[in-house]
Amino acid sequence: MKTILSLLVLFSITLGLQQVQAQEGRSYEEWLQSSASGKKTVAAKPARSTKPAARPAAEEKATAPAAALAAPMGTFKGNLPCADCQGITTELSLNGGSNGTSRTFTLKQTYQGKPADKGVVTSSGKWFLAKGNKQDPDAVILQLIPTAGNIDPMYFLQVSESEVKLLDRQQAEIASRNNYSLKKQ
């Protein structure tokens, strides 16, 4: 019983930290602007009026931010690998304002080869964008936080404006030759 309670507490803390990371006080667009300008600002602090110290050209080139991507919107589809079925036909619809307000998602997963009453899982909730993971501090991570349905939070790497790639529960890329990408339709 203590083990189960410990796991629940650990899961709650992990989920809370991920939500804090996703809502760190500034929007994705603010992060893009600060990344593009090379400045590191936090929304709670006023911006400095002094200019940053000039950096050598070689250092500037080495620390240039990754190309900015627009927030993913629309419907993404693909077939994801499945351990106990032929595959999972996945349809992810992302809705919401480009300014970060009212971002919602619906997710439909159809497990191929399973009975119809057990083969379809749907869920919905809110989505957020966060910056960075262990493999790439400039990665754009799409975080799905369910409010309806029976799924755990899910994470996707935004590869481009038309592709997202499923990540594991620690927001790291899955080491596999299988396809974990969903493409915009």
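Colleagues, the structure is a predicted model, in which local features need pLDDT of at least 70 and side-chain atom pairs count only at pLDDT 80 or more, while totals for chains, interfaces and linings use all residues. Residues are numbered from 1 along each chain as its sequence is written, and side-chain values use heavy atoms, with hydrogens and water left out.

I begin with the fold. Eight strands form a closed barrel in the order E1-E2-E3-E4-E5-E6-E7-E8, with antiparallel pairing. The average twist from one strand to the next is 30°, the angles being taken between N-to-C directions on a scale from 0 to 180 degrees, with axes as lines fitted to C-alpha atoms. Strands here are DSSP runs of at least two residues, numbered from the N terminus, and two of them pair if DSSP finds at least two bridges between them.

Let me take the pairings in turn. E4 and E5 run antiparallel and are joined by eight bridges; within this pair, Lys131 stands opposite Val140 in E5. E5 and E6 are also antiparallel, over four bridges, and Ile141 has Leu157 in E6 as its bridge partner. Five residues lie between the strands in the hairpin of E5 and E6, where Gly149 takes a positive phi near 105°. E6 is in turn joined to E7 by four bridges in the antiparallel sense, with Ser160 opposite Glu163 in E7. The hairpin of E6 and E7 has two residues between its strands.

Next, the interior. A nonpolar core is a set of buried Ala, Val, Leu, Ile, Met, Phe, Trp, Tyr and Cys residues joined through side-chain atoms within 4.5 Å. Buried means under 20% relative accessible area, exposed over 50%, and partly exposed in between, with a 1.4 Å probe and protein chains only. The largest such core has 22 residues, and those with the most contacts inside it are Leu92, Leu94, Trp127, Leu142, Leu144 and Phe156. Elements giving two or more residues to this core include strand E2 (88-95), strand E4 (120-131), strand E5 (140-148) and strand E6 (154-160).

Which residues does Leu144 touch, not counting residues up to four places away in sequence? Leu144 touches Leu92, Leu94, Phe105, Lys126, Trp127, Pro153, Met154 and Phe156, a contact being heavy atoms within 4.5 Å. E6 is largely enclosed by the rest of the structure, because five of its seven residues are buried.

Finally, the charged pairs. A salt bridge is a side-chain nitrogen of Lys or Arg within 4 Å of a carboxyl oxygen of Asp or Glu, and a search of the whole structure finds six. One of them joins Asp138 to Lys131, with the closest N and O atoms 3.6 Å apart. Asp138 is partly exposed at 27% relative accessibility, and Lys131 is partly exposed at 33%.

In another, the side chains of Asp152 and Arg169 meet at 3.1 Å, N to O. This pair links distant parts of the chain, 17 residues apart: Asp152 is in the loop between E5 and E6, and Arg169 in the loop between E7 and strand E8 (181-184). Asp152 is partly exposed at 35%, whereas Arg169 is exposed at 59%.

Lys183 and Glu163 form a further salt bridge, at 3.8 Å from N to O. Lys183 lies in strand E8 and Glu163 in strand E7, so the pair ties together parts 20 residues apart in sequence. Lys183 is partly exposed at 42%, while Glu163 is buried at 17%.
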